[in-house]
Amino acid sequence: MTIALTLTDNGHSPYLELTPAQLESVQRIAGRPLSQLQPEGVFVFPETSGSQLSAAERASWEYERGHHDDPQILTLSASERGYQLHSNNLVGFVGCDGIDITISSRFAPHDGADFFLYYLIQKALRLTVLDLPHALTPQEQLLKLLPLLFPVYLQRALSQGIFKQYQRRAYNDRRPKGTIDIARHLRLNLPFVGKVAYNTREFSCDNPVTELIRHTYEVLKHQPQLNHLLTANAQVALALKQLIAATPSYRPQERRAVINANVRPCHHPLFTAYRPLQQLCLLILRNEGGLNFSQQRNKVFGVLFDISFLWEEYLATLPAFQDLVHPKNNDPDPSTKLYLAQPRKLRFYPDFYLKGEGFTQDEPKASLVVDAKYKNYAQTALQRPDVYQLMGYMYALKAQHALMLSPLKQGEEAQEHCYQLKGYGGAISVAYLPIPQTASSYSDFAAQMQRSEVHLSQHMTTVRAALPTT
């Protein structure tokens, strides 16, 4: 018997009565860090922070950040009334042995398409997509979003070079340079005409991983609604040319064999970006082949999106944020960071800030600090850790104003949050972006979002006009 549950982000399920077998399946999902679930079959976008680093490098990086950035998909609580699941900022679907859990954004209508999630993905990845693809189930709806990620993952992987791997090759020519295959030689070369059959190992760009990527490309290019994603960007087109040149042995009829050859994740210290690309390609090809995820016994499966990350990256695309600095603190590359403190293990970074007069890297100053908070602050007071976080940013950047940006349902009344700080002075306030709730289609939703973005830009202009001058 399969239990199908539907939750929203940062929400909870009704109380559940679970059998011992069902509880065991739920416990394989809930309470375990995402880094343990990804190798089992859980795809998450973006990959958990630092997941492309070695274990030692990740531990060092997480220590420098000051916390362990390895979230859990769900947490499980128990009481006299039963068991209850609690979600966070991860949306998508996940399941294991008769337990299917769908997590939608809290702005998705009941029994409707999650326009908000699709809009964030489209904007954060800077894609031009006309409409939301239709599907029968929430799982199929989310799987239809995966091809949108292929160009992004492809560019990231190809930036590290073409993946190379030792491959065993069989030859029959006049210049042997490996181990002679006596049985094959006798079968092919009698009477002897000067050729020798032999086997060798070559460090080759044409291997199961690059062949898997090639098969994924060939599937996507024949889909009219996705073909433009592969041709619109010159860098993506160049990456695809390199991929095609590197896979001369591509054969369409070998797709199943290539998929089977990629069951084990690839691990290479120089090609760390290929592992998530390999996982994405397997999901796309298996979905095209009609794979039923629930048939995978004793295995956690799922597709998840970090909606708080998408919210921050979406805000970075808005015109009102184009002249703000966005340090991208989810990127482990330290060259993109703003170093606000020494020693290095005390580094911390705001989401956005507006440079103040006299700004230098040694003496950073900001007139405005902006923090993207995917939290429901419309009806609740600000959480103390969030206020302390902004106060720390303001102190380090000598800023006099900090702004939290949070989404809320359109038409919902919101509290006015504005805190005047004593001591060094300054103010912390909250602004909201209304999310449409009555859209009849995705195009209607996008049009309403654009009107909300205009109002947010006007509010940002008002805030910046009121900033104190130095």
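Which residue of β13 does Val 369 stand opposite, and in what sense do β12 and strand β13 pair?

Solution. Val 369 stands opposite Ala 402 in β13. The strand β13 covers residues 401–409, and its pairing with β12 is parallel, over four bridges; here helices (H or I, at least four residues) and strands (E, at least two) are DSSP runs numbered from the N terminus, and two strands pair if DSSP finds at least two bridges between them. The structure is a predicted model, in which local features need pLDDT of at least 70 and side-chain atom pairs count only at pLDDT 80 or more, while totals for chains, interfaces and linings use all residues. Residues are numbered from 1 along each chain as its sequence is written, and side-chain values use heavy atoms, with hydrogens and water left out.

Determine the strand order of the open sheet that contains β12 and β13, and describe the helix that lies across part of this sheet.

Solution. Begin with the order, which is β11-β12-β13-β15-β14 for these five strands, with mixed pairing. The edges are then β11 (352–355) and β14 (418–420), each of which pairs on one side only. Next take the angles: neighbouring strands of this sheet are turned by 20 degrees against each other on average, direction ignored, where axes are lines fitted to C-alpha atoms, for helices over the stretch in contact, and angles run from 0 to 180 degrees between N-to-C directions. Finally, helix α15 (residues 442–465) lies across β11, β12, β13 and β15 (427–435), and runs at about 160 degrees to β15; contact means heavy atoms within 4.5 Å.

Carry out the corresponding analysis for the open sheet that contains β1 and β2.

Solution. This sheet consists of five strands in the order β1-β6-β5-β10-β2, and its pairing is mixed. Its edge strands are β1 (3–8) and β2, each pairing on one side only. On average, neighbouring strands are turned by 10 degrees against each other, direction ignored. As for the helix, α13 (residues 307–316) lies across β2, β5 (90–96) and β10 (301–306), at about 35 degrees to β10.

Characterise the pairing of β3 and β4.

Solution. Strand β3 (residues 74–79) and strand β4 (residues 82–87) pair in the antiparallel sense over six bridges. They form a hairpin with two residues between them, and Leu 74 stands opposite Ser 87 in β4.

How many salt bridges does a search of the whole structure find, and which parts does the pair of Arg 28 and Glu 40 tie together?

Solution. The search finds 10 salt bridges, each being a side-chain nitrogen of Lys or Arg within 4 Å of a carboxyl oxygen of Asp or Glu. Between Arg 28 and Glu 40, the closest N and O atoms are 3.5 Å apart. Arg 28 lies in the loop between α1 (20–27) and α2 (34–37), whereas Glu 40 lies in the loop between α2 and β2 (42–45), so the pair ties together parts that are 12 residues apart in sequence. With a relative accessible area of 25%, Arg 28 is partly exposed, given that buried means under 20%, exposed over 50% and partly exposed in between (1.4 Å probe, protein chains only).

Locate the salt bridge between Asp 386 and Lys 375, and say which residues belong to its network.

Solution. The side chains of Asp 386 and Lys 375 meet at 2.9 Å, N to O. Asp 386 lies in helix α14 (residues 384–397) and Lys 375 in the loop between β12 (366–372) and α14, so this pair ties together parts that are 11 residues apart in sequence. Asp 386 is buried at 5% relative accessible area, whereas Lys 375 is partly exposed at 28%. Through shared partners, salt bridges join Asp 371, Lys 373, Lys 375 and Asp 386 into one network.

Is Leu 282 buried or exposed, and which residues does it touch?

Solution. Leu 282, found in helix α12 (residues 274–288), is buried, with 9% relative accessibility. Not counting residues up to four places away in sequence, Leu 282 touches Leu 212, Ile 259 and Asn 262. The C-alpha atoms of Leu 282 and Leu 212 are separated by 7.8 Å, although these residues are 70 residues apart along the chain.
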